[in-house]
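Dear colleague,

My notes come after it, so please keep both open side by side.

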Amino acid sequence: MTNNQLHGKIPDWLVHLENLASLSLAHNLLEGPIPASLGSLQNIIFLELQDNKLNGILPTSLGQLAMLSKLDVSSNQFTGMVTEDHFAKLSELKILIMSSNSFTMNVSANWIPPFQVSFLHMSSCPLGPSFPLWLKSQSKLQYLDFSNASIVGFIPNWFWDISSHLVIFNMSHNELRGRLPNPMPVAVASPVMVDLSFNLLDGPLPVITPGFQMLDLSHNHFSGVIPSNISQHMGTVGFLSLSRNQLHGEIPLSLREMSYVTVIDLSGNNLTGRIPPSLANCSFLDVLDLGNNNLFGTIPGSLGQLKRLRSLHLNDNHFSGNLSSSLRNLSSLETMDIGYNILSGIIPSWFGQGFPLLRILILRSNAFSGELPPDISKLSSLQILDLARNDLSGKIPANLGYLKAIAELQKKNKYLLYGKFEEHYYEESLDVYVKDQMLEYTRTLSLVTGIDLSDNNFTGIIPNEITKLYGLVVLNLSRNHLTGQIPETMSNLLQLSSLDLSNNQLSGTIPSSLSSLSFLGSLDMSMNNLSGVIPYTGHMTTFDALTFTGNPGLCGPPLPVKCSDDDDIDNRHSTNNDTNGEELVDNWFYLSLGLGFAAGILIPYFILTIKSSWGDVYFGFVDQVIYKLLRLIRKQGKDDGQRRKIHQRQ
């Protein structure tokens, strides 16, 4: 009953199925403990309970299942101790999978298990700190996974005596020390996968024997050169990672013989020399990562033949020269990181035409010059554009606002995993600089969007079109020569987490609407020509004075500079309102006065021309009206004067 949505507890009535040989409840939503009574199923051969929400301790009654051949309780929430009693009668056990739980193996040092397993998977189970001695009795092992098992110390020599049948060997993410045997004994004439990454192993790299299909020795302390014949016995290798060690020397030419390799990761070493053009022979390559070394020379145009390549990292080296036009043939490329080199020339216009799948483009810290080609906006999949620390000039193209992938909200996370080999893969990662801090993104990288044009010679204004990139998370335009005002529409970037506009010549006031950017965690507007009162309200109150320093015209909190007319701002506002009201009264008064004057001249003329006796009555009425108007005007003047005196005192 695997792969359903069964929930609740494992029912007790299962124990009445006395002839049951196979029970699989894997990949459901079951919770609670395993019923102790399951130990009465004496005929059961296969018991699969993996990938549920089961918890509690494992019942020792499982150790009574004498016919059991496969036990899989992985990926649950079990706790407590696993002792010798849990395996007491499991003499027929061939497959044991207990990975990804929280229980601890607690057996005596001289324990000899009753079983001979061929498949043993106990990753993410505390087995250490010492190397498990009970493993010495297992002479039929083909698959062994003790990764992330809190094992500390040296791999004992006897282990290599039982490894002759190993096809899959994973002890990554422990604290293993010492050197590997040279050559390293593993199964002969079989596709072998070895993962010893993230340990403390040292010494030279071992000689590779035939049959290797995957080798990951990354994140250790291996030193020396990469053997020139490393690929002599690795013609079928699909995954090679020697990254984050202390290797030196040149990249061996023999790597070209690995015609089926999908991942070559030699990053984070001290390798020197040039990239062998013959690497283009590795036509199935998904990932080529040579970053963080001391390589030099030009980037060979032959790399443009790697049409399956999805991730290219040549960053943090000493590559020079212009970019070869043949690189435009890398039509499957999703990541190109060639930052921190001394590459020069212009950014070619074909960047916007040859990479329909490109997500990440990093040309940071080189010597590129000239204007940014407008066609770069045609990179419809681009989420991260980092051109910082170059010598680019001209205006920021307005059509950057048409980068389609940044204009959309990134709601669905997608792990960027390349060259996946069995359960092994190359995981894309990226360092994003936010206010002089480096943040590393891996699992959430597909949700990150950013544009970094800092430390260049861009001029002109910040184009309003950039504020149409509604999914933008990081925007850095600092250390340029930008002028004009901060666009009022900057508040449209509701996903913005970091905004750096410092060290430019921006002027005008800070838009008060920026206080609505509730995700904004980093803001820098220092060293500009901004002026006026800082709109220190809402989310803006989370930033300190350093955010606004170096703007002589800015005043108000959080700066210690008090606005010169700070006390009169409200008064001026009220006075303006009173003045507007008075002007309205005065306008009506003068209009009435003009109409009255005209009427006073014309009406008597017509009346007196008709009948003179009516004149006395008329002029008596006019005298009374004028008298009342004068009293009303005098009273209005006194009231206005009184209001001004009260307002001034306030």
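This is a predicted model: local features need pLDDT of at least 70, side-chain atom pairs count only at pLDDT 80 or more; totals for chains, interfaces and linings use all residues.

Residues are numbered from 1 along each chain as its sequence is written, and side-chain values use heavy atoms, with hydrogens and water left out.

The chain has 5 helices and 46 strands (DSSP runs numbered from the N terminus, helices being H or I with at least four residues and strands E with at least two). Of its 650 residues, 47% are buried, a word that here means under 20% relative accessible area with a 1.4 Å probe, counting protein chains only.

Strand 23, residues 270–273, has Leu271 and Gly273 on its covered face, whereas Asn270 and Thr272 lie on the uncovered one. In a regular strand the side chains alternate between the two faces of the sheet. Strand 23 pairs in the parallel sense with strand 21 (residues 246–250) over 3 bridges, pairing being counted if DSSP finds at least two bridges between two strands. It also pairs in the parallel sense with strand 25 (residues 294–297), over 2 bridges. Thr272 stands opposite Glu250, and its bridge partner in strand 25 is Asn294.

Finally, Cys555 and Cys563 form a disulfide with their sulfur atoms 2.0 Å apart, the rule being a pair of cysteine sulfur atoms within 2.5 Å. Cys555 counts as buried because its relative accessibility is 12%, and Cys563 counts as buried because its value is 5%.

Key:
Buried means under 20% relative accessible area, exposed over 50%, partly exposed in between (1.4 Å probe, protein chains only).
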